[in-house]
Amino acid sequence: MTDSMTLDSYLAAGGVLTNPTNVPPRYRAELMKLMATFVDSELAGAAGFADIINQGPGIKERIAAAKIVLEKTDNADRVLKIMGEFGADTQRYATHHPWTARLDRDADIGASRSEHDMRLAVFNYPLTGWVDAVVMNLLMSRAVAEQLAEFSTVSYQPLAEAFRSIAPIEAHHGELALEGVVKLVEQGNDSQLQASVDYWWPRVAVSFGASDAEKFKSLQAMGLRRMTGAELKARWQAETTRVLTQLGLSAGPG
Amino acid sequence: MARFHDLEVTDIHKTIRNAVVVTLKPVNGAADAFDFTQGQYLTFRRDFDGEELRRSYSICAGKDEGVLQVGIKRVEGGAFSTWANTDLQVGDRVQAMPPMGSFFTAIDPTAEKHYLGFAGGSGITPVLSILKTTLAQEPHSRFTLVYANKGVNTIMFREELEDLKNLHMGRLNVIHILETDAQDIDLFTGLVTQEKCAQLFEHWIDIKTVDTAFICGPEPMMLGIAAALKDHGLEDGQIKFELFASAQPGRAKRRVTNGDAASQANQTSASVTLDGSTQTITMPKDQSILEAALDNAMDAPFACKAGVCSTCRCRVIEGEVEMLANHALEDYEVEKGYVLSCQAYPVTDRVVVDYDQ
């Protein structure tokens with residue numbers, strides 16, 4: 001056997017890494033950021049939804065919301081465990097952030113992150129009530145589906161496996177959201193629903209990240225990205241527009 | 001957070017000239033923490049000339065053997081593996097973190113599966129653990145092992161594999177591929193490449209029946225095998241990898257000092273807050289904040305010590321420090337005064353840092 005291959009060329013050729021000891025420094029940094037972004041977004045998303053449970057109009061809706069809170073927290077835990085293998089203090093991690101903290105509804109932060117965590121910007125905005133929460137969940141779960149499909153192929157095998165097992169769970173949250181929206185449409189909440197779509201559409205769209213060609217190239221070489229944020233966003237826009245149209249709603253601006 | 005535990009060496013034996021099998025027993029009631037899954041590895045730490053090295057070695061024992069064993073092959077110039085092969089004695093204590101890794105699939109006693117393992121050299125260790133456990137706990141499953149080595153005398157666990165073939169008659173098939181030693185069949189000589197795999201799948205291995213493949217070896221071998229498996233219809237989820245590359249995260253070089261130890265200017269008074277309590281220490285300016293905290297028995301968080309994982313992040317409240325490398329913090333975090341303490345050296349005579357913020 002010839003061992004004469006650098007890790008960089010191994011990764012560029014589609015190789016996978018399997019444990020913290022063989023991960024090069026730059027790779028490790030990007031991987032930790034990727035994981036922290038997911039964990040923080042799930043924890044913040046779950047925390048935001050927890051406040052919504054009691055606003056559910058019926059017992060079924062409350063069960064669905066509670067299930068989403070439970071499972072998003074569980075999904076965060078799966079990825080946090082992997083961060084723990086890199087030395088992150090998992091005990092402290094879950095409790096030292098104010099996950100329920102939100103900015104003003106009208107704050108304009110673009111894609112920037114908050115002061116204390118790596119959650120996607122979209123999770124910094126507050127939900128105004130049940131209808132708003134269901135719409136946000138519908139739009140965001142579609143975005144998560146695209147992102148998880150992308151990240152299920154990352155070159156760090158334990159994380160790719162975690163994302164592969166998380167993807168169907170998150171997809172089910174999208175189905176629950178769709179059921180919720182269908183019900184709300186039947187009850188004649190169209191204008192309220194459309195207002196929430198208009199509010200969340202651009203904010204979810206931003207979560208695919210800004211396009212930095214240089215950055216993408218390096219992530220691609222490390223096997224941490226395949227498609228650009230713009231490509232993923234285009235898929236999300238097409239798919240979600242189709243779903244909204246079927247519901248009698250229209251896609252948001254931008 | 002994973003912590004290191006003490007383990008006692010209860011047995012050491014050579015499997016080939018330059019590789020040992022070390023049997024370990026957790027002490028101080030840590031036995032539960034070391035209840036491993038087949039295919040997992042242990043991360044050891046040891047000080048070499050004042051510098052801590054961490055190395056991972058796969059468990060080679062099966063689940064049913066009732067022992068914790070790792071195989072350590074000596075690597076040219078490798079401090080840890082050389083030490084383990086030459087100096088380590090029965091009765092010694094070593095430190096390791098509990099088993100980690102996901103190089104396994106769930107065992108199902110009713111399964112009737114065909115597993116295919118590829119191992120290159122010492123890459124046999126986790127594959128051996130998997131095949132022993134699987135054959136013992138899934139009585140209807142079978143295992144094909146393709147085992148690549150330089151020559152006959154570098155094959156680790158050769159006799160043990162023969163014994164396993166007899167023990168699990170008809171359920172374990174081992175194909176040795178030797179790089180330099182000629183064999184009866186030409187196909188079994190050379191490197192395990194994508195082409196070699198394709199040839200093996202033609203006549204020797206019924207690839208269509210394979211449920212899961214395990215690969216552990218050097219990078220080019222893993223790439224070639226994975227490509228061949230995908231060519232023959234296996235999905236990503238059916239291929240499990242374990243890679244122990246020689247590359248280790250880099251270590252930051254210490255700043256060069258001017259050697260004028262008598263100078264007061266070399267000393268800093270650092271006030272360090274961790275877990276709610278504050279300690280004021282006097283430290284040299286050529287020492288990192290993290291090292292100073294650790295030297296003063298503070299349990300400061302760290303992992304990579306390479307300015308990468310951001311586990312050692314702290315906030316500078318007062319004074320100034322200089323970071324040698326920063327691969328983890330974003331500009332906005334640095335603006336807020338966050339630093340990677342493993343990379344941060346005091347500049348001012350007094351600094352105040354906080355790990356709790």
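At what angle do helix α5 (residues 130-151) of chain A and helix α6 (residues 157-186) of chain A pack, and how many Å apart are their axes? The first legend answers this; every legend describes a predicted model.

**Figure 1. Packing of helix α5 against helix α6 in chain A of the predicted model.** Helix α5 (residues 130-151) of chain A packs on helix α6 (residues 157-186) of chain A at an angle of about 150°, and their axes are 8 Å apart. Angles over 145 degrees count as roughly antiparallel, so α5(A) is roughly antiparallel to α6(A). The crossing of these two helices is left-handed. On the side of α5(A), the contact includes Val131(A), Val134(A), Val135(A), Leu138(A), Ala145(A), Leu148(A) and Phe151(A). Asn137(A), Ser141(A) and Arg142(A) of α5(A) also take part. Among the partners from α6(A) are Phe163(A), Ile166(A), Ala167(A), Glu170(A), His173(A), Gly174(A), Leu178(A) and Leu184(A). By class, the residues of this contact comprise 16 nonpolar, five polar and two charged.

**Figure 2. Packing of helix α3 against helix α6 in chain A.** Helix α3 (residues 59-85) of chain A and α6(A) pack at an angle of about 165°, with 10 Å between their axes. The two helices are therefore roughly antiparallel to each other. In this pair, α3(A) passes α6(A) in a left-handed crossing. The residues contributed by α3(A) are Glu61(A), Ala64(A), Ile68(A), Glu71(A), Asn75(A), Arg78(A), Val79(A) and Ile82(A). From α6(A) come Pro158(A), Leu159(A), Ala162(A), Ile166(A), Ile169(A), His173(A), Leu176(A) and Gly180(A). Ten nonpolar, three polar and three charged residues make up the contact of α3(A) with α6(A).

**Figure 3. Surroundings of Arg242 in chain A.** Arg242(A) is part of helix α9 (residues 229-246) of chain A. A residue is exposed if 12 or fewer other C-beta atoms lie within 10 Å of its own; Arg242(A) has 10 such neighbours and therefore counts as exposed. Arg242(A) and Lys183(A) are separated by 59 residues in sequence and by 18 Å in space, C-alpha to C-alpha.

**Figure 4. Chain B and the contact between its domains 1 and 2.** Chain B contains seven helices and 18 strands. Its C-alpha trace spans about 75 × 45 × 40 Å along the principal axes. Of the 357 residues of chain B, 41% count as buried. Among contacts in chain B between residues at least 6 apart in sequence, those joining residues at least 24 apart account for 67%. The domain assignment divides chain B into domain 1 (5-96), domain 2 (114-242) and domain 3 (264-354). The centres of domain 1 and domain 2 of chain B, taken over C-alpha atoms, are 24 Å apart. Each of these two domains gives 16 residues to their contact. On the side of domain 1 of chain B that touches domain 2 of chain B, β1 (5-16) and β5 (68-73) of chain B are the elements that give two or more residues. The largest share of that side, three residues, comes from β5(B). By class, that side of domain 1 of chain B has seven nonpolar, six polar and three charged residues.

**Figure 5. Crossing of helices α4 and α5 in chain B.** The axes of helix α4 (residues 194-203) of chain B and helix α5 (residues 219-231) of chain B come within 8 Å and cross at roughly 40°. This angle makes α4(B) oblique to α5(B). The crossing of α4(B) and α5(B) is right-handed. Gln194(B), Cys197(B) and Ala198(B) of α4(B) meet Gly224(B), Ile225(B), Ala227(B) and Ala228(B) of α5(B) in this contact. Five nonpolar and two polar residues form the contact of α4(B) with α5(B), with no charged residues.

**Figure 6. Positive phi angles at Asn28 and Ala297 of chain B.** Asn28(B) is not a glycine, yet has a positive phi of about 55°. Asn28(B) is placed in the loop between β2 (19-26) and β3 (41-48) of chain B. With 9 C-beta neighbours inside 10 Å, Asn28(B) is classed as exposed. Ala297(B), likewise not a glycine, has a positive phi of about 60°. The loop that holds Ala297(B) runs between α6 (289-295) and β14 (313-318) of chain B. Ala297(B) is exposed, having 8 other C-beta atoms within 10 Å.

Key: Residues are numbered from 1 along each chain as its sequence is written. Chains are lettered from A and ligands numbered from 1 in the order in which they are written. This is a predicted model: local features need pLDDT of at least 70, side-chain atom pairs count only at pLDDT 80 or more; totals for chains, interfaces and linings use all residues. Axes are lines fitted to C-alpha atoms, for helices over the stretch in contact, and angles run from 0 to 180 degrees between N-to-C directions. Helices (H or I, at least four residues) and strands (E, at least two) are DSSP runs, numbered from the N terminus. Angles under 35 degrees count as roughly parallel, over 145 as roughly antiparallel, 65 to 115 as roughly perpendicular and the rest as oblique. A crossing is left-handed if the near helix is turned anticlockwise from the far one by less than a right angle, and right-handed if clockwise. Two residues are in contact if their C-beta atoms, placed from the backbone, lie within 7 Å. Ala, Val, Leu, Ile, Met, Phe, Trp, Tyr, Cys and Pro count as nonpolar, Asp, Glu, Lys and Arg as charged, and the others, Gly among them, as polar. A residue is buried if 20 or more other C-beta atoms lie within 10 Å of its own, exposed if 12 or fewer, and partly exposed in between; C-beta atoms are placed from the backbone. Domain bounds come from an automatic or database domain assignment.
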